[in-house]
Every structure is written in structure tokens, then in C-alpha cells.
Amino acid sequence: MKFFKNKLLQMILRRIIQSVIVLLFVTLLVFLVMQAVPGDPIINFLGEAATPEQIAYFTALFGFDQPVLVQYFRWITGLFQGEMGRSVTFQMQISDIIFERLGTTLLLVIPAFIISVVFGVAFGVIAALRRGKFLDSAVTFFANVGMAMPNFWMGILGIYIFALTLGVLPVQGFVSPTQDLGESIHRLIMPVIITASGPLAVFTRQTRSAMLEVVRQDYVRTAEAKGLDSRNIIIKHQLRNALIPIVTVMGVMLGAMIGTTVLIESIFVIPGIGSLMITAIRSSDYLVIQNGVLLLAVAVCVCNLAVDILYGVIDPRIRDAK
Amino acid sequence: MTSKLLEIKDLSVEYKTEEATVYAVNGLDISLDYGQALGLVGETGAGKTTSALSIMKLLPAGVGRVTSGSIFLDGVDVLGSSKKKIGEMRGNTVSMVFQDPMTSLNPVMTVGDQILEVLKIHKNLSKSELSKAVDDMMEMVGIPSYRKKEYPHQFSGGMKQRIVIAIALVCEPKLILADEPTTALDVTIQAQMLALIADLKKRLNTAMILITHDLGVVAQVCEKVAVMYAGEIVESGTAENIFSGRYRHPYTAGLFGAIPKLDEETRRLETIDGLMPDPTEKVEGCRFAMRCKYAEDDCINTAQTMVEAEPGHFIRCAKVG
């Protein structure tokens with residue numbers, strides 16, 4: 001066990017170093033792209049009526065008159081000191097806005113992720129056990145629908161049915177759970193379910209095929225020969241082995257979900273990181289964009305690391321190979 | 001009920017797929033006393049494994065089906081028993097050692113837990129008793145018990161088969177079905193494994209059906225031998241009957257001819273010409289007739305019955321006696 005822990009620590013450390021290198025490349029890339037894209041946050045902020053003197057004053061104030069490399073290094077060194085810079089549009093410290101917005105997005109993504117994993121795995125197991133039967137066909141059909149239907153379309157449909165026609169759920173909007181927990185949940189129900197639907201379909205299909213893969217394995221027959229009941233055979237022997245490919249997809253999907261809530265946040269008017277990015281892009285507030293992209297990249301790296309650690313927990317062979 | 005441990009009568013098993021129906025076992029009779037070892041010999045596809053799986057009711061669901069016959073194990077009607085009853089028997093009254101130790105252990109579970117699992121279902125023991133039973137069993141099959149926290153991939157093939165044997169024996173079943181337990185192993189390990197099986201069988205007084213296509217293996221371990229061909233038994237008797245009896249089924253004779261002898265200079269081993277009959281077709285007469293050098297027209301057309309050539313030595317051939 002101690003041996004395993006040391007190996008695990010080594011692996012995590014190695015992955016963190018790798019991630020830092022990846023993230024540095026991300027910063028460089030996003031910075032250069034932002035420099036190349038036309039648009040000036042100062043002009044956007046001050047508006048048409050601004051005098052050249054005013055523009056020059058604010059440009060110098062934000063340091064945008066400095067050489068490109070200097071700006072880049074100021075950003076990076078700032079990051080290491082916990083400073084993301086100041087947003088022109090919001091006239092606030094970016095770190096203050098961005099983490100609050102990230103929190104809101106996670107309030108949407110994490111419940112959606114949990115729902116999609118729990119139900120996706122459960123549906124997949126059921127479909128695999130009832131292979132070829134009606135239940136399997138039904139689950140597979142809905143999984144295909146879930147994967148094929150874009151979530152913004154589902155959002156519009158959901159608003160039409162549940163908010164406008166039935167009137168059981170609000171059309172849009174967000175209330176912080178610290179302010180009013182009940183109302184917060186009430187407003188999050190629809191966006192969470194719609195965010196969950198795509199990944200849920202993916203997990204269902206992945207689990208189904210992974211379960212079918214292991215069902216004819218010799219060790220499953222050994223388990224049957226031991227006299228185990230089917231519940232134990234499914235959970236202890238089949239699912240534990242089927243989890244490895246499922247976990248891979250989980251990592252990818254969680255990373256993707258944080259990035260793709262943009263549309264859901266727009267439709268339901270939720271002040272998450274996605275809608276922040278849209279505002280920032282509209283006003284060419286590139287410091288905000290840069291930091292937002294970096295944050296998403298960090299989220300993806302963390303998900304990948306989590307997947308790798310989970311692999312080791314699930315599969316002792318991988319644990320030893322590392 | 002009789003005092004027999006296992007009584008199989010007229011067992012027939014089919015595999016039904018979309019393309020064809022395979023008649024895997026046709027009218028099989030086996031009886032076995034407590035503590036007795038039977039060697040079930042025959043080439044690949046003769047229906048040996050299918051017979052064993054039937055005893056445990058482990059035929060692949062939806063495909064394999066028992067079409068006739070009865071199986072009584074320790075006085076219990078296996079084919080007529082409920083799922084729950086079968087669950088209680090599996091691993092406890094009867095257990096199975098599978099052919100390939102590389103794939104028959106769960107790769108993500110410690111070997112200790114895999115042994116423990118069987119005990120937990122069938123025996124009502126305290127935690128410390130369970131743990132001690134696992135340790136004892138591991139030592140008995142020759143693996144130090146401190147390795148119980150390890151996973152299958154950390155063991156060699158022979159060691160894995162020892163674990164599989166430990167799983168099969170830990171509840172001290174009355175019958176073990178060993179399905180080619182040494183085929184997947186190295187020759188040197190094969191000998192070790194056979195010695196281990198023979199020793200454990202003696203110590204625990206367990207009955208056994210040893211499935212193999214290796215007559216040498218049978219000679220080492222078994223008191224009784226049954227030779228299977230194309231889903232039926234063509235010869236049965238004591239090991240002595242089979243190995244040095246006066247009569248032999250032509251198929252058994254062919255099997256013996258295919259064993260190299262060290263004391264003779266043989267350039268080529270004798271082979272049995274031809275193949276087993278297509279298992280998707282029902283055969284009227286003797287199943288071996290097409291490959292038999294003694295066959296006459298009658299053999300091909302009429303079904304053969306078992307003839308008692310010597311007391312206790314049965315041969316399914318018209319030419320005997």
C-alpha cells in the first residue's frame with residue numbers, strides 16, 4: 001500500500017509538471033491569437049465619442065501601449081502572484097469576476113455531471129442486461145436522440161413545454177443558492193437536466209458496450225460457478241471491469257461540459273463563465289478572454305489528472321505499470 | 001436416492017444458434033461414487049466441457065439447452081432445481097476449475113478476495129475464521145498467504161491456476177469438475193499441478209471429473225475413465241480396463257496409437273484419419289464408423305449400444321465380445 005502511494009504521488013507530481021508546461025503553451029497561444037484579432041477594448045469601452053487623448057490615457061493606464069512581449073510577461077508574472085489583471089469592460093479585478101462566474105458554472109455542471117454519470121451508467125447496465133429486448137431498444141433509442149439533439153434546441157423546447165405551456169418551471173434566470181436555496185434549485189432544474197442529457201446519452205452507450213464486452217469473459221463464468229447471485233456478479237465482476245473505458249469518457253465529458261455550457265448559459269441567462277466569455281469577446285476585453293481560456297484549460301488538465309488517478313484506483317494493472 | 005454422488009442419465013444438450021443446431025451431447029450416462037475420480041477423455045468438440053457445464057447449470061444462457069435426461073448430484077435433481085438452490089450448490093457442493101487461468105480470474109480483485117468471496121456466500125463464519133480459512137487454503141495450494149493482497153497479474157500462469165484451484169476447493173466441495181486444468185500451462189508446471197490436484201483430492205476426499213484429452217494425465221489421477229466421442233461415451237471402465245484391458249474401442253485404440261512411446265523407435269505417430277462427424281447433423285449408426293478401419297455396412301446404419309466386454313468395462317462397439 002505504501003509502495004502504491006509513493007508511486008501515486010510520483011505520478012501526480014509528474015502530471016502536474018506536464019500540465020504546467022501545457023498550460024504555458026496555452027497562455028502563449030491564446031495571447032498571440034488575441035493580439036492578432038482586431039478590436040480594442042478601450043475604444044469599445046469609451047465609445048464613439050472618446051477623444052484620442054482619452055483613448056491614449058486609458059491605453060497607457062492598462063499597459064496596452066507596451067510591447068507585446070512585455071505585456072505577455074506582465075500577464076504571466078501576474079498569474080504567478082495570483083493577479084489576473086483588470087477588466088476594461090467590468091472595471092474590476094478579473095480574478096474577482098472570473099471565480100464567481102466559475103462557481104456559477106460549476107453549480108450547473110457538477111450536478112449535471114453527477115446526474116449523467118449515475119443515470120448513464122445505470123441505463124447502460126440495464127440495456128446490456130436486457131440486450132435485444134424491448135428495454136434495450138428503448139434505452140438505445142433515447143440515447144441516440146440525446147446524442148443527436150443539440151442542447152440549445154433542447155433548451156428552447158424545454159422552455160416552450162415546461163415554462164410557457166405547462167408553467168411548472170421558470171423561463172430563465174439565476175438565483176444564488178446562498179440567497180434563496182429553493183428558488184435557486186427551482187431555476188437550475190431545467191438547465192441542469194439539459195446540460196446532463198448529452199453526456200448521459202454518451203455514458204449510456206459507453207456503459208452498454210463496455211458491459212457487453214465483459215459479460216462473456218471467463219472470470220464472469222468463474223463468478224457464476226462460485227454461486228454468486230447476479231447482483232454481485234454484475235457489480236463486483238462485470239461493472240468493475242467495465243468501468244475503465246467509462247472513466248475515460250467521463251474525464252473527456254466533464255472537461256467538455258465546462259466549456260460547452262456557453263449556449264445553455266445564454267439561453268437561460270445564467271451568469272456563468274460561458275456568458276462572461278461571450279461578453280468579453282463582444283467587447284474585445286482580451287485579458288478576460290485570455291484568463292477565461294486559461295481557466296478552462298486548467299479545468300481540462302485537472303479532469304485528465306483525476307481520470308488517471310481513478311484508473312489506478314480501478315485497475316491494479318495500470319497502477320503497477322506507472 | 002442412491003448412494004451415488006453423481007448420476008447422469010441420458011443427457012442430451014443442444015446449442016441453438018441462428019445458423020444451425022449443434023448436438024453437443026447425445027445420451028450421456030455417467031455415475032460417480034463419493035471420492036471417486038473419473039477421467040473424461042476425448043478430442044476437442046467431443047462434448048466434455050458441455051457435459052461439465054450442464055452439471056453446474058452453466059450452459060450459455062439462450063444458446064445451450066438440455067433437451068433430455070436427468071442429473072442428480074448428491075441426491076439433488078439439478079435440472080429441476082430453482083436458481084437459488086443451484087446458487088447454493090455452485091462453489092459449495094460442486095465447483096469447477098477452468099481451463100485457462102489467465103482469463104478465469106477477475107483482474108481487478110485481489111486473489112485473497114476472490115477466494116474469500118466463495119467462502120462468504122456458502123459458509124457462515126466469523127471474519128477471523130474466514131481470513132484464516134483463506135490463508136490455509138493458499139498455503140495448501142502452495143502459495144504463501146501474505147500474497148493474498150496481490151492481484152492476478154502479479155502471479156505466473158501456474159500460480160494463477162493454483163489460485164483457481166484454491167477457489168474451487170475452499171468450500172470443500174463433494175465434486176470438482178476440472179476442465180483441462182493443465183492444458184494452458186507449461187509442461188513442467190503441468191506435472192506439478194497434477195501432483196497437487198491428486199494430493200488435494202486425497203486429503204479432502206473430493207470426487208472429481210477430470211476433463212482432458214491427455215491419457216497420460218488420466219493415468220496419474222483417475223480410478224475411472226470414460227472416453228467421449230462426438231457427444232457420447234464410447235468406452236468406460238476402470239483405469240485398468242482402459243489402459244490394459246483385453247478389449248478396446250477402435251477410437252480408444254486410435255488415441256493410444258497417437259501417444260509417442262519412448263522405448264520404441266517411431267518415426268511417425270499413428271493418427272486417426274478423418275474428422276468427427278458434423279455435430280449439426282444427427283447420426284443414426286455408430287458415430288465413429290466413418291473413421292473406423294473395422295467398420296462394416298451395419299455399423300453405419302444401426303445405433304450401437306454399450307457392450308460389457310469385461311465386468312465393469314463397457315464399450316460401444318458391435319465388434320467387441
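Predicted model: local features only at pLDDT ≥ 70, side-chain atom pairs only at ≥ 80, totals over all residues.
Visitor: Start with chain A. How many helices and strands does the secondary structure come to?
Guide: Chain A has 13 helices and two strands.

Visitor: And what does the C-alpha trace span?
Guide: About 85 × 60 × 35 Å along the principal axes of chain A. Chain A has 322 residues, and 34% of them count as buried.

Visitor: What share of the contacts in chain A is between residues 24 or more positions apart?
Guide: 73%, taken over contacts with a separation of 6 or more.

Visitor: Pick a residue. Where does Ala242(A) lie?
Guide: Ala242(A) is part of helix α10 of chain A.

Visitor: Buried or exposed?
Guide: Ala242(A) is buried, because 25 other C-beta atoms lie within 10 Å and the cut-off for buried is 20 or more.

Visitor: What does Ala242(A) touch, not counting residues up to four places away in sequence?
Guide: Its contacts are Thr207(A), Ala210(A), Met211(A), Glu213(A) and Val214(A). Ser184(A), by comparison, is 58 residues from Ala242(A) in sequence and 36 Å from it in space, C-alpha to C-alpha.

Visitor: Now the interface. How many residues of each chain are in contact?
Guide: 18 residues of chain A meet 25 residues of chain B. On the chain A side, α9 (218-225), α10 (230-267) and α13 (316-321) each give two or more residues. The largest share, six residues, comes from α9(A).

Visitor: How does that side of chain A divide by class?
Guide: The side of chain A that touches chain B has eight charged, five polar and five nonpolar residues.

Visitor: On to chain B. What does the domain assignment give?
Guide: Domain 1 of chain B is 6-93 + 175-189 + 204-270, and domain 2 is 100-172. Their C-alpha centres lie 26 Å apart. The contact between them takes nine residues from domain 1 and 13 residues from domain 2. The domain 1 side divides into six nonpolar, two polar and one charged.

Visitor: Which residues touch the most other members of the largest nonpolar core?
Guide: Ile115(B), Ala166(B), Val170(B), Leu175(B), Leu177(B), Leu210(B) and Val227(B), in a core of 86 residues.

Visitor: What is Val170(B) in contact with?
Guide: Leaving aside neighbours within four places in sequence, Val170(B) contacts Ile115(B), Val118(B), Leu119(B), Ala133(B) and Met137(B).

Visitor: Sheets next. What is the order of the four strands in the open sheet of chain B?
Guide: β2-β1-β4-β5, with antiparallel pairing. β2 (21-32) and β5 (76-77) are the edge strands, each pairing on one side only.

Visitor: And how many bridges join β1 and β4?
Guide: Eight, between residues 6-16 and residues 64-73 of chain B. Within that stretch, Glu14(B) has Arg65(B) in β4(B) as its bridge partner.

Visitor: Last one: what do β11(B) and β12(B) form?
Guide: A hairpin with two residues between the strands. β11 (residues 307-310) and β12 (residues 313-315) pair antiparallel over three bridges, and Val307(B) stands opposite Ile315(B). In the turn, Gly312(B) has a positive phi of about 80°.

Note on methods
Residues numbered from 1 in each chain as written. Chains lettered and ligands numbered in written order. Pairing = 2+ DSSP bridges. Contact = placed C-beta atoms within 7 Å. Nonpolar A, V, L, I, M, F, W, Y, C, P; charged D, E, K, R; others polar. Buried ≥ 20, exposed ≤ 12 C-beta atoms within 10 Å, placed from the backbone. Core = buried A, V, L, I, M, F, W, Y, C linked by C-beta atoms within 7 Å. Domains from an automatic or database assignment.
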